[in-house]
Amino acid sequence: MIHIKPGVTIHRLQPQVVLATHAVDGIYQRHGIIECWLTSGSDGKHRAGSKHYSGEAVDIRTRNVPSQLRIPVAIDVAKALVGRVFDGRHGRVKMIFQSPGNPSLFDIFLHKTHMHVEYDVKEQT
Ligand SMILES: [Zn+2]
């Protein structure tokens with residue numbers, strides 16, 4: 001079930017991100033994780049230009065996901081939302097799933113305490 005952490009702003013959330021949050025919740029359920037906490041929407045402090053400010057990104061808590069399940073859960077989320085999986089490192093981010101060359105999809109960043117899910121429309125060249 002989706003829970004919204006008190007203080008989290010959701011009024012700007014884009015429908016694609018709402019859909020993605022439901023997908024994450026479904027995958028959490030499948031892995032036996034009953035609570036899916038939205039810990040940041042368009043609120044909070046993020047880097048300049050962050051998709052959070054335009055309602056195109058959410059953070060979902062992973063603290064309640066057993067550590068051995070975090071990567072399998074993130075891979076399932078990436079398969080559901082991105083389709084094509086790429087993993088690597090980016091600064092302090094442990095793992096990234098992006099949709100290179102694939103427009104209108106999502107980027108998923110697995111951080112230490114949360115999963116950042118971002119709707120990232122890429123220009124097709
Ligand atoms: Zn985030």
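Ala23 touches Val77, Ala80 and Leu81, when residues up to four places away in sequence are not counted; two residues are in contact if their C-beta atoms, placed from the backbone, lie within 7 Å. The structure is a predicted model, in which local features need pLDDT of at least 70 and side-chain atom pairs count only at pLDDT 80 or more, while totals for chains, interfaces and linings use all residues. Residues are numbered from 1 along each chain as its sequence is written.

Ala23 has its place in helix H1. Along the chain, 54 residues separate Ala23 from Val77, yet their C-alpha atoms are 7.3 Å apart. Because 16 C-beta neighbours lie inside 10 Å, Ala23 counts as partly exposed. In this scheme a residue is buried if 20 or more other C-beta atoms lie within 10 Å of its own, exposed if 12 or fewer, and partly exposed in between.

**Overall plan**

The protein contains two helices and six strands. Here helices (H or I, at least four residues) and strands (E, at least two) are DSSP runs, numbered from the N terminus. Their order along the sequence is β-α-β-β-α-β-β-β. Of the 125 residues, 34% count as buried. Among contacts between residues at least 6 apart in sequence, 55% join residues at least 24 apart.

**The two helices**

The table sets out the helices, with the expected span taken as 1.5 Å times one less than the number of residues.

| Helix | Residues | Number of residues | Expected span | C-alpha distance, end to end |
|---|---|---|---|---|
| H1 | 15–30 | 16 residues | 22 Å | 23 Å |

In H1, the buried residues are Val17, Ala20, Thr21, Val24, Asp25, Ile27 and Tyr28. Seen down the axis of H1, these buried residues fall within an arc of 165 degrees, so they line one face of the helix; the arc is that of the directions from the helix axis to the C-beta atoms. Pro15, His22 and Arg30 are exposed on the other side of H1. The buried residues of H1 are covered by elements including strand E1 (2–4), strand E2 (36–40), strand E3 (57–61), H2, E5 and E6. Just after H1, Gly32 takes a positive phi of about 80 degrees.

In H2, Val73, Ala74, Val77, Ala78 and Leu81 are buried. Viewed down the axis of H2, its buried residues fall within an arc of 140 degrees, so they line one face of the helix. The face of H2 turned away from the buried side carries the exposed residues Gln68 and Pro72.

Strand E5 (residues 105–110) has six of its six residues buried, so E5 is largely enclosed by the rest of the structure. E5 pairs with strand E6 (residues 114–120) in the antiparallel sense over six bridges, where two strands pair if DSSP finds at least two bridges between them.

Which residues touch the most other members of the largest nonpolar core? They are Val24, Val77, Ile108 and Val117, in a core of 25 residues. Such a core is a set of buried Ala, Val, Leu, Ile, Met, Phe, Trp, Tyr and Cys residues joined through C-beta atoms within 7 Å. H1, E2, E3, H2, E5 and E6 each supply at least two residues of this core. Leaving aside neighbours within four places in sequence, Val117 is in contact with Val17, Ala20, Val24, Ala57, Val58, Ile60, Phe106 and Ile108.
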